[in-house]
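Here is a friendly tour of some ring and helix contacts. Have the viewer open and follow along.

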Amino acid sequence: MFNHAFERLTGRDDSEVIGKEIDILFPPGRREEALAHIHRTTGGERWETVEIPILHSSGEVRTALWNSATLYSIDGKSVLATIAQGQDITERQRAEERLRKSAAELKEAQRIARLGSWDLDTETGNVIWSEELYRVFGRDPVQPAPGYEEHSRILAPESYARMNAAIEKTRQTGEPYELDLELIRPDGTRKWITARGAAKRDLNGQIIGLRGTALDITERKRAEAALQRSNRALATLSGVNQVLIKVQDERSLLSETCRVIVESGGYRSVWIGYVEHDEEKAVRPVAYRGFEEGHLESLRLTWADTGLGRGPTGRAILSGKQALAQDILNDPAFAPWRAEAAARGYASSISLPLLGADTVFGVLSIYSAEAGAFDAAEVVLLQELADDFAFGILTLRTRSER
């Protein structure tokens with residue numbers, strides 16, 4: 001016996017079902033699975049929400065969610081019948097599958113674009129992150145997303161202050177925001193994101209939270225920084241070459257070169273030293289520019305192959321190659337001068353040898369307030385600058401001798 005809903009589910013009427021083997025109702029590839037449930041029921045077992053595929057007369061496979069009860073004889077020794085009721089869940093399953101597929105596609109799209117999403121409840125401070133956002137921030141997606149108050153440790157201080165102000169404004173006015181922020185991952189590495197946020201409202205239009213996205217723009221920022229460094233090095237090189245054309249004496253060349261390096265390059269400080277061939281193998285500063293504040297007096301400069309001569313200045317003179325200190329605060333070779341350099345805001349430096357015909361006769365040292373400030377392309381340009389500058393000095397000396 002069956003009702004009209006069963007007829008709609010199977011697409012079959014009495015003549016097609018009554019008296020027939022029940023396995024005609026199941027798709028060929030899944031008959032054993034379905035019959036196993038039927039056999040358990042006829043053996044007296046009760047079903048609890050079992051999914052059984054049904055073969056519609058059109059050939060379509062539909063799914064029904066069933067439960068069942070067994071009717072026994074009065075003495076309880078034999079099974080008389082099975083009563084089963086089911087609900088067609090085919091459309092629900094399809095909708096769930098579409099939702100799963102959509103979610104998977106969204107996750108993949110976020111991964112490809114390196115675009116994470118988030119949702120903030122402003123009342124509780126709870127935050128929900130997408131899987132890609134965990135990846136961008138370098139965190140374990142198994143762990144709960146950090147609460148809003150924890151972002152003071154996730155973002156660089158200046159970035160957190162700007163984000164905090166932007167979110168507060170959005171909470172008050174509903175205006176969306178867009179910011180470039182620097183984040184600090186658990187392993188200490190830093191990344192840049194473009195964060196966008198907008199208000200989330202209830203049915204009454206009241207702001208109940210915020211939602212938004214975070215796009216990883218680290219590579220773009222690095223490319224921009226590299227281009228900026230190359231441009232400043234090119235501007236500095238061009239400026240020094242203009243000086244070389246115009247000046248008529250060595251003192252003016254030294255002074256003007258230092259001025260151009262600081263003003264055109266935006267470096268923190270620069271100084272020029274000449275090699276002395278005395279007993280101490282001293283390096284004599286002859287010109288400087290920028291934020292110096294007595295720094296040269298504290299350097300105790302030498303190019304002897306000893307402790308103090310193994311810093312950037314000594315290495316540049318002894319090797320005839322540029323010597324870099326990309327992280328003054330942590331570079332072991334910079335230890336003797338670290339405190340004095342840090343006090344003046346120096347974070348990285350480069351020392352460039354001034355080459356004569358067959359010897360190093362001086363050094364050009366540049367300091368930056370930014371750690372890791374000198375990339376490979378900039379170093380090449382700065383060495384070209386130092387070579388042009390050294391040639392200019394030697395030319396002026398030759399002219400003076402004549």
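In this predicted model, the charged end of Arg 268 sits over the ring of Phe 291, at 4.3 Å from its centre. A second case of this kind involves Lys 281, which lies over the face of Trp 303, 4.9 Å from the ring centre.

Now to rings that meet other rings. A pair of aromatic rings is described by the distance of the centres and the angle of the planes. The count comes to 8 aromatic pairs, and the table gives two of them.

| Pair | Centre distance | Plane angle | Class |
|---|---|---|---|
| Phe 2 and Phe 6 | 5.3 Å | 45° | tilted |
| Tyr 346 and Tyr 367 | 4.5 Å | 25° | stacked |

The tyrosine pair links distant parts of the chain, 21 residues apart: Tyr 346 is in the loop between helix H12 and strand E12, and Tyr 367 is in strand E13. Tyr 346 is buried at 2% relative accessibility, and Tyr 367 is buried at 4%. As for the other pair, Phe 2 is partly exposed at 23% relative accessibility, while Phe 6 is buried at 15%. Together with Trp 66, Phe 2 and Phe 6 form one aromatic cluster.

Next, the helices. The axes of H8 (residues 218–246) and H13 come within 9 Å and cross at roughly 5°, so H8 counts as roughly parallel to H13. Among the residues making this contact are Leu 234 and Leu 237 of H8 and Leu 381 and Phe 389 of H13. The contact residues divide into 9 nonpolar, 4 polar and 5 charged.

Helix H13 (residues 376–401) also holds Gln 383, which is buried at 13% relative accessibility. Leaving out residues up to four places away in sequence, Gln 383 touches Gln 322, Leu 352 and Pro 353.

Technical notes. Residues numbered from 1 in each chain as written. Predicted model: local features only at pLDDT ≥ 70, side-chain atom pairs only at ≥ 80, totals over all residues. Heavy atoms only, no water. Helix = DSSP H or I, 4+ residues; strand = E, 2+ residues; numbered from the N terminus. Buried < 20%, exposed > 50% of the residue type's maximum accessible area, 1.4 Å probe, protein only. Contact = heavy atoms within 4.5 Å. Axes fitted to C-alpha atoms, helices over the stretch in contact; angles between N-to-C directions. Parallel < 35°, antiparallel > 145°, perpendicular 65-115°, else oblique. Nonpolar A, V, L, I, M, F, W, Y, C, P; charged D, E, K, R; others polar. Phe/Tyr/Trp six-rings, centres within 6.5 Å; stacked < 30°, edge-to-face > 60°. Lys NZ or Arg CZ within 6 Å of the ring centre and 35° of its normal.
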